[in-house]
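Hi,

Here is the structure I promised to pass on. Have a look at it first, and my notes follow below.

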Amino acid sequence: MKFRAERTEFAEAATWVLRTVGARATLPALSGVRMEVAGDRLLLGSTDLEISSTLSIPVQAHRDGVALVPGRLLGDVVRSLPNAAVSADADADRLHLECGNARFDLRLMPLEDFPSLAAASDDATPAVMKADEFAARVAQVARAASTDDARPVLTGVYVEATADELVLAATDSYRLAVLTLGWQQDVEGTVLLPRRALDEARRSAEQLGSEVRIAFEDSQVGFDFGDRQLVTRLIEGSFPPFRQLIPSGYERRLEVDRADLIEVVRRVSVVGDANTTATPVTLHLSADTVRVTAGSGEIGEAEESLPGVLEGDDLQIAFNPRYLTDGLDATGTQQVALEFRDDLKPAVIRPTDETDDSETPVDFLYLLMPVRL
Amino acid sequence: MRLVVTRCTVDYSGRLEAHLPEAVRLLMVKADGCVAVHADGGAYKPLNWMNAPNVLVDDPDRWVVTNSKGERLEITLLEVLSDTTYDLGDDPGLTKDGVEAHLQQLLAEHPDALADGLQLVRREYPTDIGPVDLLCRDGEGSYIAVEVKRRGEIDGVEQLRRYMDRLDRDPLLRPVRGIFAAQRVKPQARVLAADRGIRWIEVDYDLLRGRQSDELRLF
């Protein structure tokens, strides 16, 4: 394998593919990046057995071939390359890299241990979304997924794709985010995707722009960004029947400026540890004011009020501040509505207006369990 | 139980020689005859003690405790501040909270807490190296060996791996997967379990017992 590539392009490609390099002691080959020169393109690939990434860049190819390069080392090398074209030449056990006056000689890893990379099949008709729209929708929902591996099903994002609708849902049992997006696509599929895979796809979409093609298959889902692809395996198991959790009505409804409420909750919650429910923020709702308090005699206390319009009786209800601001943040519109039954039943956060700047119809809600005081 | 608070000096001779200078201390004489000299600190450990059987001669100003091994504890009482005796009655003994056994029983009743669709085949499924805590089947009919611990440590993972190896020799059960369930799984045990191809799960004992958790959840 021998090629010459443009430094910025090569470095960016190597860095991108490093995101899915694995770290399993049992299969050291996963820590490598697969490099292949075929025709006039360099193909880079890596996998952690859950997510695989592949991309290709144009190079001046001198000799076709394949090599497995230690991922971390490759990353460190490309980050420090001087500003000049990169020449690479791999023999049986070494990769020689030259860039300007710098020379690197990297020991290769045994290629035969590296698993074959998952690739999206050509049969599946992909759904096509604008990259920024895709990134924004994933960001709204994925944050509600659990990070606790003890219940793998909850670490996933539920995706239900039909010809005219895309439904995304995620929950960690304390909150639930559900987004329904109208679209016209020739796809059909209900899958549970690892949150990490969706986050990687979102990051790539944000970085690359343009569009993303999503291919739903029986055992995997592929995200295609033109010259690069992410393929993720699915999480097995059944997602909780979330639709039945959504209350059909409410007894109180608060309309409030979203950014103001986020700011107040963030400010007030500094007297507690934002990551625990041990120090919740309490919303004291009355006809035209929301008073937010937090803290205890032991640590300190804080309070701040902001205007808000309440329909229904006064209410005092407490939430985990991070979960609350996550939901408000995800809602995206200038004004939000918070619907309540009582202080122990889940609250629903919804956008109130169509100021969401997307062209497609979107329905979003965020269900949030209160904290017992 | 006789408790004496006294200003005293203590001399011990036997395996070594020890002297405690004058100070206020607590002397404890238990019903079985053992004598202990406590200071107001040092957790549960006495400064000096003499296990039963021994002979205590308790003169008003001097106690001498001796035993057959030739040890001698001599306590000189300079001032007795308090001398009380209580009958504590029979001790029921220490009953350890049977969390592990109870966890196993609860998980046997609710195997779906370990994985969706899991069904119990039997508790204490016998193998020739001892019984595995739970043998279950998943929705597709494949067998899963479950080891239940209160604290999930490396040796528990190894133990489960051995059971899996044994069970795997049975063509009717093969292939047997493993789940390592504990209230808390130590990081080293997590790494080892992943390495051995075993899933680990932290189970919420209180939740399993149906005790009302203070946390409100959607489901």
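Leaving aside its neighbours within four places in sequence, which residues is A:T47 in contact with? Please keep in mind that this is a predicted model. The list for A:T47 reads A:T20, A:V21, A:G22, A:L30, A:S52, A:F114, A:P115 and A:L117.

A:T47 belongs to strand β3 of chain A, which covers residues 41-47. Its relative accessible area is 3%, so A:T47 counts as buried, the cut-off being under 20%. The side chain of A:T47 also has polar partners. One is the side chain of A:S52, in a polar contact at 3.1 Å.

Now to where the two chains meet. Chain A brings 22 residues to the contact and chain B brings 13. Together they bury about 1500 Å², with 59% of that on carbon and sulfur atoms. On the chain B side, the residues that lose the most area to chain A are B:L216, B:L218 and B:F219, which together make up 52% of what that side buries.

As for polar links, three residue pairs are in polar contact across the interface of chain B and chain A, while the count of salt bridges between these chains is zero. Strand β12 of chain B (residues 199-202) gives the most to the side that touches chain A, with three residues. By class, that side of chain B has seven charged, four nonpolar and two polar residues.

Technical notes. Residues are numbered from 1 along each chain as its sequence is written. Chains are lettered from A and ligands numbered from 1 in the order in which they are written. This is a predicted model: local features need pLDDT of at least 70, side-chain atom pairs count only at pLDDT 80 or more; totals for chains, interfaces and linings use all residues. Side-chain values use heavy atoms; hydrogens and water are left out. Contact means heavy atoms within 4.5 Å. Buried area is the accessible area (1.4 Å probe) that two parts lose on being put together, summed over both. A salt bridge is a side-chain nitrogen of Lys or Arg within 4 Å of a carboxyl oxygen of Asp or Glu. A polar contact is a pair of N or O atoms within 3.5 Å; within protein, one must be able to donate a hydrogen and the other to accept it, and residues adjacent in sequence count only if both atoms are side-chain atoms. Helices (H or I, at least four residues) and strands (E, at least two) are DSSP runs, numbered from the N terminus. Ala, Val, Leu, Ile, Met, Phe, Trp, Tyr, Cys and Pro count as nonpolar, Asp, Glu, Lys and Arg as charged, and the others, Gly among them, as polar. Buried means under 20% relative accessible area, exposed over 50%, partly exposed in between (1.4 Å probe, protein chains only).
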